Amino acid sequence: MKNYLLLNLSILYWIFIAPFKGQFFKIAPIFRQMVFIGVRAAPMVALTAFSVGVTLAMQAAHSLESLGAQIYIPDLVMLTLLREMGPVLIAVIVIGRSGSAVAAELGTMKVSEEIEALEVMAINPVQYLVVPRVFAMLVMLPALTIFGNYIGILGGWAVCRYALDFNTAGYVLRALESAETWDLYSGMIKSVVFAWLIITIACNAGLNVEGGAEGVGQSTTASVVESLLAMLVMNAILTGIFFFSA
Amino acid sequence: MNANGETIIEVNHLVRRFGDRAVLDDISFNVHRGDTLVIMGGSGCGKSTLLRHMIGSMKPTSGSVKLFGEEVTGMSEREIERVRLRFGMLFQSGALLASLTVGENVALPLLQHTDKSPDQIEEIVKQKLQMVGLTGFEDLRPDEISGGMKKRVGLARALALDPELLFSDEPTSGLDPIMTAVVDELTLNLTKGTHMTAVVVSHDMTSAFRIATRMIMLGHGSIVAQGTPDEIRNSPNPEVQQFIHGKPDGPIPLNLSQDEHEHHQYVKPRPFAWARGRFHGRTR
Ligand SMILES: Nc1ncnc2c1ncn2[C@@H]1O[C@H](COP(=O)(O)OP(=O)(O)OP(=O)(O)O)[C@@H](O)[C@H]1O
Ligand SMILES: [Mg+2]
């Protein structure tokens, strides 16, 4: 826990203070990490989001039919995706795919003395390894979330258009009418917060691996579980703040 | 040899314990500019650990280490980075970054710490790799080259910033006799030509006597013998004689039993060791 807090302070230092002391972060490694963390996760995100959109629409159709309120299906798909399912499910995918990969990669570097070698070359591992990953995650998770939201809405549309009595225009209008910009923004804020949690937990796990390949495995698993828990608890807290306190 | 030269490294009463076991127990010595200090000793006697304390990546239990006249043991990360720019280190494993190519590994310190143009950096990388006999290997990845080649890339990387001081942990282990001679020659040229100071851990006695101006032999956590190569060669100490001539029998114990080994070795307590014991008991 102490390590984790120190890592957070150190990341904040390298992002907010070091640039004003003339130590700018380099752009190229950030893009490399964006491809690795984000772009490669896109197909999985798309599949997940589409399935969720389809499922939501079918469940909504089933429940709302008895009330004669099928017209509200797009509302339900849209709001659930934007506010909850989008940020949370896409974070789950990114934890499983990218968070674990980062933890394993840094962990392997730790046990093979690469981190120590960086330090001895007077290269700060937080600056060199962690900060590009933090930036990449902070950009890519919200981007993937928006992308996933679109695909999810597309899934809902597929059900409404082909299995129910909606036409495309009706679905789109209804969906747009139901959502406010705040629904989108709240989801974005969530996914930025999740991004920070996921990447800092993964990096911390990697940098603190002890004891060989076995240690890398244990740390990676632990980081996935911790990220999931932290993300879900944080989601409940944020939902409470955004939608329950007002 | 250079006893009057500037003192580059001062190690004073260095003690390091892992658990109850003192791996380094009251070690003191000095290294002067232009010297090549060779550290010898049996496998597991603490040579790499001593090196790690000298480069400030491990903190001693007690005692002091001064590099270039500055105490490094209490330094903050920021301060120690300044000192680290002045020396290079070759790790026993090479410790190359697996995600970068050979060329990028050597270029890394130059990219991070100098304002040189990409062309200049490429030129320097070529030249350093040539010094260690690896011309044309720039674009391979560390997992595509042999162990001995990794060592040499590590050496090229350690020399990238033309350091005043070089630490190398077994630079010649895993190299053939010719490559060993090339690396030794390189060390000699650098120490003679540019007054670089070198601290080299070595098991290879031919190589050690070829490059050393001073030697230290470690054993049971302390310094068994130290002096010039001639003093070591003529040392009356039977442990030293056994070691430099590689004799199987002598005062250095050879086959430690598990018990003796555990006695010498700090073994990290394993969680649930009792449970594991039971489990094995039941299944077998
Ligand atoms: N982080 C650590 N935790 C516990 N014990 C350690 C640690 N690092 C080293 N040791 C112990 O210190 C002793 C010396 O290790 P070191 O790596 O310095 O040996 P060495 O002299 O370099 O051996 P070799 O010639 O095989 O490289 C070993 O017995 C090892 O068990
Ligand atoms: Mg060693």
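Is Gln92(B) buried, partly exposed or exposed? With a relative accessible area of 36%, Gln92(B) is partly exposed, where buried means under 20% relative accessible area, exposed over 50% and partly exposed in between (1.4 Å probe, protein chains only). The model is predicted, with local features needing pLDDT of at least 70, side-chain atom pairs counting only at pLDDT 80 or more, and totals for chains, interfaces and linings using all residues. Residues are numbered from 1 along each chain as its sequence is written, chains are lettered from A and ligands numbered from 1 in the order in which they are written, and side-chain values use heavy atoms, with hydrogens and water left out.

Gln92(B) takes part in a metal site. The magnesium ion (ligand 2) is coordinated by OG of Ser48(B) and OE1 of Gln92(B), at 1.9 to 2.2 Å; donors are N, O and S atoms within 2.8 Å of the metal (3.2 Å for Na, K and Ca), and the site may look incomplete because water is not among the atoms. This pair links distant parts of the chain, 44 residues apart: Ser48(B) belongs to helix α1 (residues 47-54) of chain B, and Gln92(B) to the loop between β6 (87-90) and α3 (102-113) of chain B. Helices (H or I, at least four residues) and strands (E, at least two) are DSSP runs, numbered from the N terminus. Ser48(B) has 18% relative accessibility and so counts as buried.

Elsewhere in chain B, Thr187(B) sits in helix α6 (residues 177-193). Its relative accessibility is 9%, so Thr187(B) counts as buried. Leaving aside residues up to four places away in sequence, Thr187(B) touches Ala198(B) and Ile211(B), a contact meaning heavy atoms within 4.5 Å. Chain B as a whole has 11 helices and 10 strands, and 48% of its 284 residues are buried. Of the contacts in chain B between residues at least 6 apart in sequence, 64% join residues at least 24 apart. Its accessible surface is about 14,200 Å², with 51% belonging to carbon and sulfur atoms; such areas come from the Shrake-Rupley method with a 1.4 Å probe, and for residues only the protein chains shown count as cover.

Chain A, in turn, contains nine helices and zero strands. The C-alpha trace of chain A spans about 70 × 40 × 35 Å along its principal axes. Buried residues account for 51% of the 246 residues of chain A, and 84% of its contacts between residues at least 6 apart in sequence join residues at least 24 apart.

Helix α9 of chain A (residues 212-244) has 33 residues, which at 1.5 Å a residue should span 48 Å, in agreement with the 47 Å between its end C-alpha atoms; the expected span is 1.5 Å times one less than the number of residues. Among the buried residues of α9(A) are Gly215(A), Ser223(A), Met231(A) and Phe242(A). The buried residues of this helix pack against α4 (73-111) and α8 (181-207) of chain A.

Helices α6 (125-163) and α8 of chain A each give two or more residues to the patch, and α8(A) provides the largest share, four residues. Tyr150(A) lies in helix α6 of chain A and is exposed, with a relative accessible area of 62%.
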